Amino acid sequence: MSTPSSVPVAPPLPEACAVFDTKPWRAPEIVAAEARITVPTMLAPQERQFYYWAARDWARGAGAQVDLGAFAGGSTARFAAGAQAAGHGATIHAYDRFTAKEQTKQNVLYAAGVAPFEGRDILPLAQSFLAPWAAQMRYHVGHIPDLGWPGGKIELLAVDAAKIATTTDLIAAQFFPALIPGRSLLIQQDFLHWSQPWLAAQMWRMRSAFAPVAHAPRDTVAFLCTAPVTPEIIEAGRISQASDAELLADIRAMRDALPAAWGLNARIRKTVAALRTNPGVRIAWQMQPPPAPAP
Ligand SMILES: C[S@@+](CC[C@H](N)C(=O)[O-])C[C@H]1O[C@@H](n2cnc3c(N)ncnc32)[C@H](O)[C@@H]1O
């Protein structure tokens, strides 16, 4: 289904968004403060810095900070430490199954100095890493669409668990309506990863309520929520039933709407190539990497 033509055009960005152009999360003071957070994470350095800056300097305590796909708590810790430093007392919600395969334990946890342990359960580990912020923390353990959002406004929403197209649609329906127009950031952690081409298509379809404001390498693109996320916008944004041709058209349109200065065309080309290499696949871990482009 293509995007309905009735989707209204996004309003201009608030003046406060000029701050994103200066990349304040790269300031030495933010880089140094973030570097003191030692919780292991799969995020790249600039992504970690962005999470910390967003929680400390963008957020004002207007709503909760929600981390969908917390793993051992690395991304969550950047939110929690930032919120604590800001002093606005935001509640931090960590969602995950909180399980890890042996290979992931080795690659991420043991490599970061965690002592080897039996079994797949990483909830106790995440809780121990996040103990310094225990009073702010709320844990949601299981499959995210089964857990949903208990209610209330969300000021920061990080999505690192939209690995399946159907889950992507359910996350949008359950969490996006809680975002605050003109204030909330939707941090699409996997936006530029070739294995999840539906994310760019989703954000293009929801362009009347979301404007891209920041890119943090490797893969993160953050969007400001610019309008209430209504049932019509959720419906327009559904991508799980879209054909490959529809996704391709939406991804290309999203590419053209991203600021040219971010220089993301090659990344989006890889996403397009991945979709072509994997017709009909809508599960990230079933996607095969696309062939390398000709020199
Ligand atoms: C790439 S990892 C997240 C990394 C994390 N943000 C960090 O800072 O290290 C993705 C996480 O999403 C979780 N996840 C993926 N799909 C999920 C779902 N449907 N429900 C709950 N958790 C899910 C996985 O268990 C995994 O821990």
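Select K23 to begin: this residue is partly exposed, with a relative accessible area of 41%. The model on the screen is a predicted one. K23 sits in the loop between α1 (18-21) and α2 (28-35). Its backbone deserves attention, for K23 has a positive phi of about 45° although it is not a glycine. Most residues other than glycine have a negative phi, and most peptide bonds are trans.

**Second stop: F71**

Select F71 next, in the loop that runs between β1 (64-68) and α4 (74-86). Here, too, phi is positive, at about 55°, and the residue is not a glycine. Is F71 buried or exposed? F71 is buried, since its relative accessible area is 12% and the cut-off for a buried residue is under 20%.

Now select P217 together with R218 and display the backbone between them. The peptide bond from P217 to R218 is cis, and its omega is near 10°. R218 belongs to the loop between β6 (210-216) and β7 (220-225).

Select residues 165-175, which form helix α8, and residues 198-205, which form helix α9. Two packed helices are described by the angle between their axes and the distance between the axes. For α8 and α9 the angle is about 35°, and the axes are 11 Å apart. The crossing of α8 past α9 is right-handed.

Which residues make the contact between α8 and α9? On the α8 side, show the side chains of A165, T168 and A172; on the α9 side, show those of W198, L199 and Q202. Sorted by class, this contact comprises four nonpolar residues, two polar residues and no charged ones.

**Last stop: the whole chain**

Finally, clear the selection and view the entire protein chain. How many helices and strands does the chain have? There are 12 helices and seven strands. The radius of gyration is 18 Å, close to the 19 Å that the globule rule gives for 295 residues, so the chain is as compact as a globular protein of that length. Along the principal axes, the C-alpha atoms fill a box of roughly 50 × 40 × 40 Å.

Colouring by burial gives another view: 55% of the 295 residues count as buried. The accessible surface of the chain comes to about 12,600 Å², and 56% of this surface belongs to carbon and sulfur atoms. Among contacts with a separation of 6 or more, 75% are accounted for by residues 24 or more positions apart.

Conventions
Residues are numbered from 1 along each chain as its sequence is written. This is a predicted model: local features need pLDDT of at least 70, side-chain atom pairs count only at pLDDT 80 or more; totals for chains, interfaces and linings use all residues. Side-chain values use heavy atoms; hydrogens and water are left out. Axes are lines fitted to C-alpha atoms, for helices over the stretch in contact, and angles run from 0 to 180 degrees between N-to-C directions. Helices (H or I, at least four residues) and strands (E, at least two) are DSSP runs, numbered from the N terminus. A crossing is left-handed if the near helix is turned anticlockwise from the far one by less than a right angle, and right-handed if clockwise. Contact means heavy atoms within 4.5 Å. Ala, Val, Leu, Ile, Met, Phe, Trp, Tyr, Cys and Pro count as nonpolar, Asp, Glu, Lys and Arg as charged, and the others, Gly among them, as polar. The radius of gyration is taken over C-alpha atoms; the globule rule is 2.2 Å times the number of residues to the power 0.38. Buried means under 20% relative accessible area, exposed over 50%, partly exposed in between (1.4 Å probe, protein chains only). Accessible areas come from the Shrake-Rupley method with a 1.4 Å probe; for residues, only the protein chains shown count as cover.
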